[in-house]
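I opened my notebook to record what I looked up in this structure. My entries follow in the order I made them.

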Amino acid sequence: MTNSRDEGSQHTGDPRTAEIEKELRRWKFLKDDDRPLARIIEEDMAEVAHLNMDLEEITARMKRLYDEGRAGFGDSVTVDDTFEVSVREDRGIIPCPFLDHYPSPKAIVEATNLKSGKKLIFSILAWHLIQSHQFFQGKGSPFRIEPQDLHDFFAGS
């Protein structure tokens with residue numbers, strides 16, 4: 001009997017996918033989520049479609065919050081009279097576990113939608129994982145962003 005962690009690698013038959021999934025598990029991007037990587041992405045993208053989200057637009061907005069927030073040098077800034085944003089940056093980079101050589105800055109964005117009161121906290125690596133790999137991370141991961149939460153944060157703004 002195989003466990004569900006093995007099924008993801010066997011399902012794709014792709015050694016690179018198996019290597020990526022191993023890295024994701026090693027670095028806790030999947031936390032305790034036993035679903036294969038392909039299923040996690042498939043289920044999250046189904047929810048994105050159900051919510052009628054434009055992932056390209058959403059990730060562009062996330063990137064803009066980061067870019068605008070950096071101007072505050074750690075202090076909060078207001079973006080478009082709608083978002084209060086602060087960015088904390090640490091020295092160094094974190095490599096993307098999808099082995100695409102993306103050197104993510106160690107940065108955390110904390111944003112509040114001033115109209116709805118909804119909050120969003122994300123790392124730049126989490127942004128990259130969604131933008132480039134449609135990967136919101138596994139259930140229980142520290143920086144997982146639920147598609148519904150992302151949708152709700154930007155709704156009406």
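Which element gives the largest share of the lining of the largest pocket? I looked this up in a predicted model. The answer is strand 3, with five residues.

**Entry: the pocket.** I noted a volume of about 410 Å³ for the largest pocket. Its lining holds 21 residues, and those closest to the centre are F29, I94, S123, L125 and F143. Strand 2 (83–95) and strand 3 (103–113) are the elements that each give two or more residues to this lining. I then sorted the lining by class. I found 13 nonpolar, three polar and five charged residues.

Entry: I found an open sheet of four strands in the order 1-2-3-4, with antiparallel pairing. Strand 1 (77–79) and strand 4 are the edge strands, as each pairs on one side only. I read an average twist of 30° from one strand to the next.

**Entry: strand 2 with strand 3.** How many bridges join strand 2 to strand 3? I found eleven, and the two strands run antiparallel. Here I looked up V87 and saw V109 of strand 3 standing opposite.

**Entry: strand 3 with strand 4.** I moved on to strand 4 (residues 119–123), which pairs with strand 3 over five bridges, again in the antiparallel sense. I checked A111, and the bridge partner in strand 4 is L120.

Entry: Which strands does helix 4 (residues 55–70) touch? I listed strand 1, strand 2, strand 3 and strand 4. Helix 4 packs on the sheet, and its direction makes about 90° with that of strand 2. I looked at helix 6 (residues 147–154) as well. Helix 6 lies across strand 2, strand 3 and strand 4, and runs at about 120° to strand 4.

**Entry: G156.** I ended in the segment after helix 6, where G156 is found. Is G156 buried or exposed? I read a relative accessible area of 73% for G156. Exposed means over 50%, so G156 counts as exposed. Last, I compared its place with that of E68. G156 and E68 are 88 residues apart in sequence, and their C-alpha atoms are 20 Å apart in space.

How values were computed: Residues are numbered from 1 along each chain as its sequence is written. This is a predicted model: local features need pLDDT of at least 70, side-chain atom pairs count only at pLDDT 80 or more; totals for chains, interfaces and linings use all residues. Side-chain values use heavy atoms; hydrogens and water are left out. On a 1 Å grid over the protein atoms alone, a cavity is a set of points where a 1.4 Å probe fits but cannot get out, and a pocket is an open set with protein on both sides within 12 Å along at least five of seven lines; lining residues have an atom within 4 Å of a point. Grid points are joined across faces, edges and corners, and a volume is the space filled by probe spheres set on the points. Ala, Val, Leu, Ile, Met, Phe, Trp, Tyr, Cys and Pro count as nonpolar, Asp, Glu, Lys and Arg as charged, and the others, Gly among them, as polar. Two strands pair if DSSP finds at least two bridges between them. Axes are lines fitted to C-alpha atoms, for helices over the stretch in contact, and angles run from 0 to 180 degrees between N-to-C directions. Contact means heavy atoms within 4.5 Å. Buried means under 20% relative accessible area, exposed over 50%, partly exposed in between (1.4 Å probe, protein chains only).
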